[in-house]
Amino acid sequence: MPCIEVEELTHVYYPGTPLEIVALRDIELTVYDGEFIALAGSAGSGKSTLVQHFNGLLLPTAGCVKVLGRAISDKQHRQQLWRQVGLVFQFPERQIFSNTVFEDIAFGPRNLGWDSTTVSKQVKDTVALVGLPEEILSADPRTLSGGMLRRVAICGVLAMRPRILIMDEPGAGLEPATRQLILANIKEIQAQHGMTVILITHHLEDAAVFAERVAVLHQGVLLSIGPTREVLSQTELLHRAGLKAPFAVELAQRLSQEGIPLPSLPQSIEDVAQLLQQLLQTNGARPGGASL
Amino acid sequence: MPGPSNILIELESVSYAYPGSKFAALQDISACVGRAEFISVIGPNGSGKSTLARVMAGLLLTSGGRVMINGLDTARPESRQEIRRNVGLVMQNPDNQLVAAVVEEDVAFGPENLGLPSAEVFRRVEEALAAVGLSDMRSRPPHMLSGGEKQRLAIAGVLALKPLCVVLDEPTSMLDPFGRQEVLQVLRSLSKSGTAVVLITHHMDEAACADRVWLLDKGCLLFDAEPAALFSQFELLHELGLTSTSAGELAYRLVEQGFTLPVGIVTMEDMVNFLCRVLK
């Protein structure tokens, strides 16, 4: 079932002024209920502009965006969208403003009008959901590390139990392990709770591991959309979009240029490792014997 | 390691604790940066990387030990102006260091403050904008640039001062791969043309481009080595929540599967060369 339908969406900033910029041009896109889709594109490609239509922060200059069945041009619908579409901006920890973690996470749920027992239960559940200890709720956010703080900020949105979660580079500026942890966590929640996840990223390695489909934007135009494996194998298109294919895809292509084709196209480092294992063994290089 | 006459920045048993904190953000760090050397600094969140950047730029004064920049002690107030001119700092969030309403004026801010003749200011702005690929956007207002473009602008502002060393605190964390590559190329050509570069980053493939890599953990310098040596320390890196480079991680997986690989495979080239040798 589609949960977001974008039809011929065009968005123009500052129309009629010398600063006029066409940020999006004739975008056609459908996001399905419960899927994990990555939205990739270089800086200025229109990713952020596009997702701001999904929770009614921006309105189309032309075309139509339907979220959860109704057009966002419908004012009543638009004003209620924030309850169901959670948007985690880049560096969300900068929006933390309370003195305790609990207060900060509780802000959204309280605004939904839930009573205090429900709010407190939701906050506790959410913190557990992302694997943070319950004691953190009484902590002062200023005393937490960058990675913890990022997870707390994401909890603030998750606690509202959005049906659609949009995240803009949730791993930016974090150490690799924490980045993986955050994404793995979101993936788990998506799978268990049927939440739809839209991940904005220019790190295709992450898209390769977590996303089911990838959409590529370039200068406001949707260049490609499809299953992750298909999109990530189009290295030329990715390059044109200012993106870099995952290491695994690049390595496979380099090897095939050198006359060593891999039996299938790998997406992740684990994939390559497995393919190479087969290749190294069938080539007579047994484990322990493959050196030099 | 640079020879004694080639040392630009020298850290001598440097410690630092933030005011009011008992916890040492940096502990007994001794290291040096040579002229035109390219150093990258990696470490988990909270390991002291940003503090180190500020100490090296003379923005923070040490609680113990000494920082010498081009022979000047950062603790001496009279050398501060000279030090600021010698070391440029580019921060994580470019919004924190953009000052003007037009791109080229922002780049001109530094050289104008040095009191340079306007022809020289023009020349430097021109060069700096070209170096970061923003020449076409010179008359745009900075707030209308994308995150990546803003970061390149911040770098241009520092380059226009022609510093001896540029310290960058995760300058690429907001950039797309293309922008990241561009910044990296700028940094490489800087170090080739004689400017030292200290790059703090979470992208290991990026860190591997440096001449040397420093690994920080809990305020201590754990490792100071060439990329090939450091990125072969898989267990240590994983323990700290870090990774090796992509090629390094693949090498690690293959070693785990029981294959013997030469030590020091850190780049795509290394990996392709190795596989060609074995499989052809």
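Visitor: Which residues of chain A does the UniProt annotation "domain: ABC transporter" cover?
Guide: In the UniProt record, an unreviewed entry, that annotation covers residues 4–244 of chain A. UniProt positions are given in the numbering used here, feature names are shortened, and annotations may be inferred rather than shown by experiment. Keep in mind that this is a predicted model: local features need pLDDT of at least 70, side-chain atom pairs count only at pLDDT 80 or more, and totals for chains, interfaces and linings use all residues. Residues are numbered from 1 along each chain as its sequence is written, while chains are lettered from A and ligands numbered from 1 in the order in which they are written.

Visitor: How much helix and strand is there over residues 4–244 of chain A?
Guide: That stretch is 37% helix and 26% strand, with its end C-alpha atoms 27 Å apart. Helices (H or I, at least four residues) and strands (E, at least two) are DSSP runs, numbered from the N terminus.

Visitor: And how many helices and strands in chain A?
Guide: Chain A comes to 11 helices and 10 strands. Its C-alpha trace spans about 65 × 55 × 35 Å along the principal axes.

Visitor: How much of chain A is buried?
Guide: Buried residues make up 46% of its 292 residues. A residue is buried if 20 or more other C-beta atoms lie within 10 Å of its own, exposed if 12 or fewer, and partly exposed in between, with C-beta atoms placed from the backbone.

Visitor: Why is α5(A) called largely enclosed?
Guide: Because 12 of its 13 residues are buried, among them Met148(A), Ile154(A) and Leu158(A). The buried residues of α5(A) pack against β6, α3, α4, β7 and α6 of chain A. Contact here puts two C-beta atoms, placed from the backbone, within 7 Å.

Visitor: Changing topic: how many residues does each chain give to the contact between them?
Guide: The contact takes 40 residues from chain B and 40 from chain A. On the chain B side, the largest share, 8 residues, comes from α11(B).

Visitor: One more. Is Leu216(B) buried or exposed?
Guide: Leu216(B) counts as buried, because it has 24 C-beta neighbours inside 10 Å.

Visitor: Where is Leu216(B), and what does it touch?
Guide: Leu216(B) is in strand β9 of chain B, residues 212–217. Leaving out residues up to four places away in sequence, Leu216(B) touches residues including Val41(B), Lys49(B) and Leu222(B).
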